[in-house]
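Please examine the sequence and the structure before reading on.

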Amino acid sequence: MSGLLVSLQDAVVQGVLWGIMVLGVYITYKLLDIADLTVDGSFAMGGCVCAVMILNFHVDPWVSLGVAAAAGMAAGAVTGLLHTIFEIPAILAGILTQIGLWSINLRIMGGKSNVPLLKTDTIMSKFIAATGLSKQAAAMIIGIGIAIVMISFLYWFFGTEIGSAMRATGNNQAMIRAQGVNTNWTKLLALTISNGLVGLSGGLVCQSQKYADIGMGTGAIVIGLAAIVIGDVLMGKLRSFASKLISAVVGSVIYFVIRAMVLRMGMDANDMKLLSAAIVAVALCVPVMMNKWRIKKSYTEGGE
Amino acid sequence: MLDIKNVRKTFNKNTINEKKALNGIDLHLNEGDFVTVIGGNGAGKSTMLNMIAGVYPIDSGKIQIDEINISRDPEYKRAKYIGRVFQDPMLGTAAGMEIQENMALAYRRGQGRGLAWGIRTSEKSYYYEALKKLGLGLQDRMTNKVGLLSGGQRQALTLLMATLKKPKLLLLDEHTAALDPKTAKKVLEITQEIVEEQNLTTLMITHNMKDAIQIGNRLVMMHEGRIIYDVSGEEKKKLEVEDLLKKFEEASGEEFSNDRMILAK
């Protein structure tokens with residue numbers, strides 16, 4: 001029983017830390033209507049950069065988190081430039097960056113596919129040393145704290161003039177261009193900010209699990225989409241922008257809790273990606289099928 | 001005010017689908033001119049408006065507003081001078097955003113956008129009064145998403161947004177064509193009120209010849225990418241729909257076969 005409790009606590013912590021990434025996915029997918037596949041690469045990049053900063057350069061763990069976020073932003077900007085200046089479709093631009101990042105991430109880690117952080121300080125270990133809390137409680141507090149800061153930042157930012165113009169870009173590009181906004185700029189900015197959050201999340205996960213791995217971002221975009229879908233199902237009734245952002249993080253937590261439970265029930269961990277993909281596919285299919293069914297049902301022969 | 005000199009545009013150049021959309025347009029608008037633009041399908045009316053707005057680059061020629069050459073400016077830069085309403089009511093507003101948010105976006109047309117709050121409390125009363133003047137009851141629904149509005153309401157809102165910050169030039173691209181006759185009439189009334197009140201220089205494309213004659217102080221007829229008839233003042237007031245049809249046949253050597261225009265009698 002206590003084993004279950006521990007694995008659930010672990011799942012919640014993971015959910016919160018990955019939730020920062022989900023916020024990034026939310027910006028591109030929900031606000032700008034772009035499915036940005038850079039995420040898989042920029043998440044791993046955040047982790048790799050963070051690990052190398054701490055281990056090889058002995059940079060403060062908090063500062064390395066900032067560097068991880070900056071690295072993610074740079075990755076997002078590359079996708080943004082490919083998509084806006086060179087008009088490559090967003091999905092393809094994201095894939096190109098993601099594939100390129102695989103090699104770059106290996107270079108960052110000096111050719112190794114894995115960098116452990118066993119004997120070095122992390123933000124979690126520092127926090128534990130300062131407060132005497134348990135490992136999980138420390139990670140949870142840090143995760144929730146950062147999530148609150150990021151949600152507040154996004155709530156503020158998307159209320160500003162630039163942020164409003166970005167939301168309008170996702171709504172109707174013709175309209176916002178007619179109001180004098182360069183939509184290339186807003187899209188580039190959105191991709192940059194989004195991947196900054198993704199890189200930050202990668203750095204957090206790396207410090208929490210005490211290693212960075214070249215494959216740690218694989219499938220991140222699907223996890224992000226699944227979390228958004230779950231959040232939408234649970235809290236879709238709430239309309240305010242703040243609650244939408246919160247629901248992205250909550251969705252992430254629920255995703256990892258579900259994951260922990262099905263793994264405990266004996267599911268092979270290798271099947272987890274299939275489950276994530278299925279969740280997203282079903283969530284995307286259901287509304288379309290419902291609509292088709294409704295149209296079919298509403299037809300009457302008539303004419304008499 | 002607006003000066004268009006020998007503007008040309010060919011779409012799909014050197015392909016089988018080559019289409020000379022604008023064949024040397026010359027047009028000069030004076031401050032406060034309200035010009036209606038008519039012509040058959042494919043005459044280049046919408047293309048002309050899109051070229052002025054900068055949706056596509058022109059091949060040659062010059063477009064100036066108040067002596068400022070905007071020929072090579074991108075669309076978002078020209079927005080500083082130009083307010084626009086599109087034919088499709090969905091195009092002019094952001095459906096997922098509130099009415100007041102849409103207005104706040106439009107109120108900052110052509111200005112640099114920074115990290116100041118996207119909508120200030122002090123603006124809201126201004127928007128309230130502006131919406132009230134439309135007479136559609138939208139002032140009590142300012143926090144509603146625009147997606148909840150009807151096509152006519154959205155078009156009226158777009159019109160209001162285009163003129164919230166006074167534009168040097170207002171471009172109306174058949175902005176009532178997608179509306180039912182009653183709503184179209186209402187939106188047209190609102191158009192006239194706003195243009196008159198602000199003394200806006202306006203280009204309005206219409207398919208309705210009666211409207212083209214009754215509204216504005218000047219009428220321009222286009223055919224095959226050229227302006228073939230330009231009339232203003234007293235002469236325009238005395239025009240009849242039959243005169244326009246005759247003029248069209250004279251200038252083009254064709255029958256006016258657009259049934260939408262014939263029906264519009």
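## Sheet, interface and salt bridges

In chain B, strand β6 pairs in the parallel sense with strand β7 (residues 169-173) over four bridges. Two strands count as paired if DSSP finds at least two bridges between them; strands (E, at least two residues) and helices (H or I, at least four) are DSSP runs, numbered from the N terminus. Within this pairing, Gly83(B) has Leu170(B) of β7(B) as its bridge partner.

The model is predicted: local features need pLDDT of at least 70 and side-chain atom pairs count only at pLDDT 80 or more, whereas totals for chains, interfaces and linings use all residues. Residues are numbered from 1 along each chain as its sequence is written, chains are lettered from A and ligands numbered from 1 in the order in which they are written, and side-chain values use heavy atoms, with hydrogens and water left out.

Both strands belong to an open sheet of six strands in chain B, with the order β6-β7-β8-β3-β9-β10 and mixed pairing. Its edge strands, β6 (82-85) and β10 (226-232) of chain B, each pair on one side only. Strands of a sheet pair through backbone hydrogen bonds, either parallel or antiparallel.

What is the area buried between chain A and chain B? About 2200 Å² is buried, and carbon and sulfur atoms give 59% of this area. Buried area is the accessible area (1.4 Å probe) that two parts lose on being put together, summed over both. The contact (heavy atoms within 4.5 Å) takes 22 residues from chain A and 31 residues from chain B. On the side of chain A, Glu161(A), Met175(A) and Gln179(A) lose the most area to chain B, together 30% of what that side buries.

A salt bridge is a side-chain nitrogen of Lys or Arg within 4 Å of a carboxyl oxygen of Asp or Glu. Two examples are listed below.

| Side chains in the salt bridge | Distance, N to O |
|---|---|
| Arg108(B) and Glu161(A) | 2.8 Å |
| Lys30(A) and Asp232(A) | 3.5 Å |

Lys30(A) lies in helix α1 (residues 2-31) of chain A and Asp232(A) in helix α10 (residues 220-235) of chain A, so this pair ties together parts that are 202 residues apart in sequence.
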